[in-house]
Amino acid sequence: MANTLQESKEKIKKQRVKSLKWYKNWKWMGLISLVLLFAAISYYQGTHFNANTKINGINVGGLTAEQALQKLQKSVLKNVVFIGEQKILDGKDTKMNITDKDLPAVKKILQKQRTFFPSTKAKNYSLMSSETDYYRSQTLKKELEEKLVGINKTLKAPQDAQAHWQQGKIVVTKSSNGKQYDIARLLKDYDKQKYTSEIHLNPVYIQPVKEDSEIVKNQKKKLKELLGRTLEYKVQDKVYTFKANKFIKSATVSKDMKIIIKESNIKNKIEEINDVQSTLDKNFTFKTHSGKVISVKGQGYGWALDVEKETALIHEAFEKGKKSLSATNIVGHGWKGEGYGYETLTNNGIGDTYAEVSISEQRIWLYKNGKMVLTTNVVTGRHDTGEDTSKGVWYILYKRSPYVLKGSRAGSSAYEIEVNYWAPFTNSGQGFHDASWRTNWSSNAYLTAGSGGCVNVQPNIMKQVYDNLSVYQPVIVY
């Protein structure tokens, strides 16, 4: 009995030892299996994208970096642009500009999506090519801009609040919303969009300037400054005072704080000054060599203000805050519309250096600085054929020595003849020149044997005449 009990105990002990060994072996086997499982998962996840992972909208779940790159390279972009839910532009289909050089970037995304356990969370990563996609960055963007500009033309523009000077007081117009797109902001949004087949932009509209904005406050400040300005305007030796609050009827201020004069009485004042001071097409009071005072109409000689340009000049001066200004836009009957005599203030606008031509006396007198330096008899244009030298106040256009005269005369064919000295004073071709061919120098030769309109001077005197004439000096013919 005792032996049997002892045997049972030994048997149970052996079974326990055997079970313990089996349990230890199983534990190690499970642990090893678990480690291998985790290793397999970790390896897979380290080399494959999670199930719901996208790059540029393309599903790359379960793919390796190399496989994902190939799929991206084969993918087609529709290049459709939406603003909100509205399709704005349908561009041409293109391949993604992804190249083999972008593999490191794909691998970087692969590492970024890695988690301890595989994730089923949907993610969309953006990958831009290492090489510029000129269609997306330039062509399509330009097409979008042009499309938006065209759309905006059909939409209501916002109305900015704006400060005005109107009828003696500063007023602010009310603002109102519009429907036009803010193109600059939309294009910035475009630049930030992912490299996907569809480009979705949030609608952004141009906002008006509001009545209580800093812009309007500054506009009102600018207008107040304008209305306190005074401008001294000089025409020849006379100065006229323009006060902004007296002459300006309407003005605004732009967003960039530039004053814009809309309406004023300045033009009327310039016209008034012009009527009083200008000499263009007016009669000059002239004292002849004999002391007789006569009236001679200005022809080539004379000046006037360009009223439109001078008005704009004064507007600009007020807008920029200038305090003084001299007239600069002078016009007349010069070859290019220039005027002469503006700088001349003496002798009723003729000055003290001039040439005097008397048709009735057939004589000329040359004056320099108020003193006569030369006088001689001449032959002027032929009277009986209507080729008289033109009366009026002219000016010396230019001087040439020698020169070939070309023209025609009444009752004769065209001529071409060389002279030693030539000084024209009318645009039609009349001037002073020597006439070696002339034999009749009598005081009445001009009546039936005069020139074709020029002032003929004897050859032995002409050099002195030529030397005492200066370009732009007045020539008074009466």
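This report describes selected parts of a predicted protein model, from its overall make-up to single residues.

The structure is a predicted model, in which local features need pLDDT of at least 70 and side-chain atom pairs count only at pLDDT 80 or more, while totals for chains, interfaces and linings use all residues. Residues are numbered from 1 along each chain as its sequence is written, and side-chain values use heavy atoms, with hydrogens and water left out.

## Overall make-up

The protein has eleven helices and 29 strands. Helices (H or I, at least four residues) and strands (E, at least two) are DSSP runs, numbered from the N terminus. Of the 478 residues, 41% are buried. Buried means under 20% relative accessible area, exposed means over 50%, and partly exposed lies in between (1.4 Å probe, protein chains only). A contact means heavy atoms within 4.5 Å. Among contacts between residues at least 6 apart in sequence, 64% join residues at least 24 apart.

## Strand pairing

Strands of a sheet pair through backbone hydrogen bonds, either parallel or antiparallel. Here, two strands pair if DSSP finds at least two bridges between them.

| Strands | Sense | Bridges |
|---|---|---|
| Strand 1 (residues 53-55) and strand 2 | antiparallel | two |
| Strand 8 (residues 162-166) and strand 9 (residues 169-173) | antiparallel | five |
| Strand 8 and strand 13 (residues 248-253) | antiparallel | three |
| Strand 20 and strand 21 (residues 363-368) | antiparallel | five |
| Strand 20 and strand 29 (residues 474-477) | parallel | three |

Strand 8 has two of the listed partners. His164 has Val171 in strand 9 as its bridge partner, whereas Gln166 stands opposite Ser250 in strand 13. Strand 8 and strand 9 form a hairpin with two residues between the strands, and Gln167 in this hairpin takes a positive phi near 50 degrees.

## Strand 20 and its covered faces

In a regular strand the side chains alternate between the two faces of the sheet. Strand 20 (residues 354-358) is mostly covered, since five of its five residues are buried. On one side lie Tyr354, Glu356 and Ser358, on the other Ala355 and Val357, and all are buried.

Glu356 stands opposite Trp365 in strand 21, and Val357 stands opposite Val477 in strand 29. Four residues separate strand 20 from strand 21 in their hairpin, where Gln362 in the turn has a positive phi of about 50 degrees.

## Two residues in detail

Ser264 is found in strand 14 (residues 259-264). Ser264 counts as buried because its relative accessibility is 17%. A polar contact is a pair of N or O atoms within 3.5 Å; within protein, one must be able to donate a hydrogen and the other to accept it, and residues adjacent in sequence count only if both atoms are side-chain atoms. The side chain of Ser264 makes such a contact with the side chain of His315, at 2.7 Å. A polar atom of the Ser264 side chain also lies 3.2 Å from the backbone nitrogen of Ile266. Apart from neighbours within four places in sequence, Ser264 is in contact with Phe247, Ile248, Lys249 and His315.

Asn177 is found in the loop between strand 9 and helix 5. With a relative accessible area of 48%, Asn177 is partly exposed. Not counting residues up to four places away in sequence, Asn177 touches Lys156, Pro158, Gln207, Pro208 and Lys210. Asn177 and Lys210 are 33 residues apart in sequence, and their C-alpha atoms are 9.9 Å apart in space.

## The second largest pocket

A pocket is found on a 1 Å grid over the protein atoms alone: it is an open set of points where a 1.4 Å probe fits, with protein on both sides within 12 Å along at least five of seven lines, and lining residues have an atom within 4 Å of a point. The second largest pocket holds about 240 Å³ of space. Its lining includes Met128, Glu131, Arg136, Tyr190 and Ile199. Helix 4 (134-153) and helix 5 (183-192) each supply at least two residues of this lining.

Terms used
Points joined across faces, edges and corners; volume = space filled by probe spheres on them.
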